[in-house]
Amino acid sequence: MFGFLVQRVMAAIPTLFIISLIVFSLQQLLPGDPALVIGGGEASQEMLAQIREQYGFNDPFLVQYWHWITNVMQGDFGVSFRTREEIGPMLAAKIPVTLTLATAAMLVSLVIGIPAGILAAIWRGRGWDHAVTVAALSGISIPNFWLGIMMILLFAVHLGWLPASGYVSFFEDPIQSIRTLIMPAIVLGAGLAAAMMRHTRSAMLTVMRQDYVRTARAKGVAEKTVILKHAFLNAQIPIITLATLQFGTLLAGAVLTEQVFSIPGVGKMVVDAVFNREYQAVQAVTLLSGAAFVLMSLLADVLYFVANPKLRTKTL
Amino acid sequence: MLDVTSRKDEATARLAPVLSVENLTTSFRTDGGWKSVVRDMSFDIAPRETVAIVGESGSGKSVTSLSIMRLLQKGASRIEGKIRLGDKDLLSLSDEEMRGVRGKDIAMIFQEPMTSLNPIFPIGNQIAEALTVHQSLTRSQARAEVTRLLEKVRIPNAASRFDEYPHQFSGGMRQRVMIAMALASRPKLLIADEPTTALDVTIQGQILDLIKTLQDEEGMAVLFITHDMGVVAEVSDRTLVMFRGDTVEMGTTDDIFHRGKHPYTRALLAAVPRLGSMKGRALPQRFPIIDINTGEAMPLMDVTDTVAKTKTPILDVKDLTTRFDLNAGFFRRKTGSVHAVEKVSFSLFEGETLSLVGESGCGKSTTGRSVTRLVRPTSGHVTVDGYDVMTLDASTLRTMRRSIQMVFQDPFASLNPRMSVGSAVTEPFIEHNLGTRRQAREKAADLMEKVGLSPDMMRRFPHEFSGGQRQRVAIARALMLDPKVIVADEAVSALDVSIKAQVCNLLLDLQQNLNLAYLFISHDMAVVERVSHRVAVMYLGEIVEIGPRAAVFDNPQHPYTRKLMAAVPVPDPARRSLKRNMSTDEIKSPFRPAGYVPPLREYREVSEGHLVQLG
């Protein structure tokens, strides 16, 4: 296990390096002069030149990259030009918010998608299967900002059951935290729940046809155990793939959801940063999202390793 | 007094059947309503008795076993009639009661040991589950019992293998695990559905022996389902022959084999290749074909000698070696290689059939792929029709392939399902720019007739053909380029007995008319004996014995050749009580660590052209 992990982490390093290089060079290609943002509209040519010199904008690309990446590795993402606030601590405050939202949305999608998919596979071609398929299609097709607005209208405005917006940390007030999270999590997780259901269904249909499922039945194993133990545990691989890869998409989707529900997360911060040409903040968030994807695929590898004895028992 | 009654009880118990099937009819739901696949079937199995159900694909033999177990998909199938197990009427039991019968009173083993075990659980747990679903046991009791079962099925180091996963076992060992699982609750009846079909012949011998031994030890009845008449003859007391859902004939195995009444039974038996039936013949021989309707044997034409021994060989192979490197670790270092083919030499003359025979992993298929350059050999010399195969560039390689074509094992996978049979057959001709489309179609139509199909079938698609017909199409496709050599890689192995005989006869006819040379790759000793002029026995990538067919089969020299021949089931019920007492050897792996130097091999000439490896 340890050797496998080391191997995977080592393999992730070049990927991270390439991501950082792309993130940095894309930023360089964007139109607009960052010195203008720092100096403001009325800054003189000399002042702009001085700013460029001071911030190292005149240095060769690789030197700039080197400065940036060495700082980043020490946790220094630069300073906001507008507010003079350090970006690092700012992010550190917002990341947990977005992570909480994304994790809650993931839970929603797993809790809805997997059982619905299993049942659809077992009752294939019958009423439930069709109903779930229609629901899944709706889940994928409904834009989540619209769903969000409708839910706020119904549950917050009309019924008054749930707060319409805001965020409360889980560690401060768990109950209020969950109450504020329910709607955003459902809105963000609906699409993934639908995809999860479709994948679970097709994986289960494949596995249920396997010889070893017939063997289990021939042993006299109860049908519930056949489905949950012999079949489902073998159907996990596509579910793991989907869940880990889509976690990154959830982070991206959080941008919209955070806007709708006024949640002070990374998504809201990145939108503000783009409008204000806070290029260092944008870079930081982009790099971190990239790293999140790498981390999630690393997690996927580890989960495959746990789920598949063939990998576990292979002599490396 | 007491003694008398108990003996009486024993006598009635011996008479009362374990399983009694009456008028069983199983139907499947299709678009047009219910279609019956097993009709009006009745048979009994007495305690300790073995009954075989034999038939070709589509005969309904597996559906019968799944009907007894009630393992067919509900809603899509319907079972009628009566199935009685002792005093239980299985068809009237509730689902929950039936679950209590499965695995406890009736256990089952299946054809595919490679896929019948759940890949994510240790085998010990899977066997233990068969115990714990029917009785409550503590963890350590279950473990002890599983270890006993693993020992019973002769798995070496049983205790230490409890926690291993299915992929760490070979096919034969997995089938032993399946058998251990089936025996867990001491069932009254074991249903064995083609349990040895997917196994190599030496492993098949071991598993058949094991089933017989365990049957004696446990005193259970066995329902044995198979397509292999040789296996039937070795295991069963009584035999039931099925044909397209109907019971054709039932009787003692001896009667069925020697006094079969129904024409189909006789046709089936006639088509079975029998090892040793070619004694005293030098040339190959067609299979006798018996008309299924009349039972009359059709006249058996003799073959003429087609081998052009005086010309230069059409295929000449010297010291052919093909290895596949294995890399491991972070830097993908070469850790060793699979020595798939190791210094193999042989020659093949025009009009000759040379068979490469051996078990899985012996390198026979890789040899076929190496001489056609479908894989790149590591070293050696191969000459096909004047081409030096080892040094060909891409375009000469294409031209060379006109001289040597292949026919593969799986007739379902080797035809593109989206291409009409006509396009599939004409494609090589058009790809090689040998003429116009019109010429291609004319030639294809001609070949379709030669392989026993009708030219109007060219508009159809592969799914409209049976397995045997597809293999004929594949042969027609191979003939489109007028090749001199055909590499037939297990070309008849996937076919039913009667179809196999017909396709073998077709290959012989084509050889007679077109002077083809065949490199016939097969694991089936009996078929090889029938069709070949010469035979090469392969073991772990090397040829251990090669020579004229008659010499190798009548006077086998190498211990492996002898072992292989002894393992082949012979369709003769007189051998029923024989046990081979084979060791539980597994087939060895041809993997060698990096830096391994293969030993130099020497051969001894037994008689003219009959060479055997020394050491």
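This is a predicted model: local features need pLDDT of at least 70, side-chain atom pairs count only at pLDDT 80 or more; totals for chains, interfaces and linings use all residues.
A residue is counted as buried here if 20 or more other C-beta atoms lie within 10 Å of its own C-beta, and by that criterion 47% of the 615 residues of chain B are buried.

**Overall form of chain B**
- Chain B contains 19 helices and 23 strands, and its C-alpha trace spans about 85 × 60 × 50 Å along the principal axes.
- The radius of gyration of chain B is 26 Å, which agrees with the value near 25 Å that a compact globule of 615 residues would have.
- Among contacts in chain B between residues at least 6 apart in sequence, 70% join residues that are at least 24 apart.

**Helix 5 of chain B**
- Helix 5 of chain B comprises 14 residues, 139-152, and reaches 20 Å from its first C-alpha to its last, close to the 20 Å expected at 1.5 Å a residue.
- The buried residues of this helix are B:Ala142, B:Val146, B:Leu149 and B:Leu150; seen down the helix axis they fall within an arc of 100°, so they line one face of helix 5.
- An α-helix has 3.6 residues a turn, so residues three or four places apart point the same way.
- On the other side of helix 5, B:Ser140 and B:Arg148 are exposed, while the cover over its buried residues includes helix 4 (123-132) and helix 6 (171-183) of chain B.
- Following helix 5 of chain B comes B:Arg154, whose phi is positive, near 60°.

**Contact between the chains**
- The contact draws 27 residues from chain B and 22 residues from chain A, and helix 3 (95-101) and helix 4 of chain B each supply at least two residues of the side of chain B that touches chain A.
- By residue type, that side of chain B divides into 13 nonpolar, nine polar and five charged residues.

**Nonpolar cores**
- The largest nonpolar core has 226 residues, of which A:Leu101, A:Ala105, B:Ile127, B:Ala180, B:Leu189, B:Val485 and B:Leu519 touch the most other members.
- Helix 8 (residues 174-208) of chain A provides the largest share of this core, 17 residues.
- A second, separate core of 14 residues includes A:Val23, A:Val72, A:Ala281 and A:Val285.
- Leaving aside residues up to four places away in sequence, B:Leu519 touches B:Leu315, B:Leu348, B:Leu354, B:Leu356, B:Gly368, B:Val485 and B:Val487.

Methods:
Residues are numbered from 1 along each chain as its sequence is written. Chains are lettered from A and ligands numbered from 1 in the order in which they are written. Helices (H or I, at least four residues) and strands (E, at least two) are DSSP runs, numbered from the N terminus. The expected span of a helix is 1.5 Å times one less than its number of residues. A residue is buried if 20 or more other C-beta atoms lie within 10 Å of its own, exposed if 12 or fewer, and partly exposed in between; C-beta atoms are placed from the backbone. The arc is that of the directions from the helix axis to the C-beta atoms. Two residues are in contact if their C-beta atoms, placed from the backbone, lie within 7 Å. Ala, Val, Leu, Ile, Met, Phe, Trp, Tyr, Cys and Pro count as nonpolar, Asp, Glu, Lys and Arg as charged, and the others, Gly among them, as polar. A nonpolar core is a set of buried Ala, Val, Leu, Ile, Met, Phe, Trp, Tyr and Cys residues joined through C-beta atoms within 7 Å. The radius of gyration is taken over C-alpha atoms; the globule rule is 2.2 Å times the number of residues to the power 0.38.
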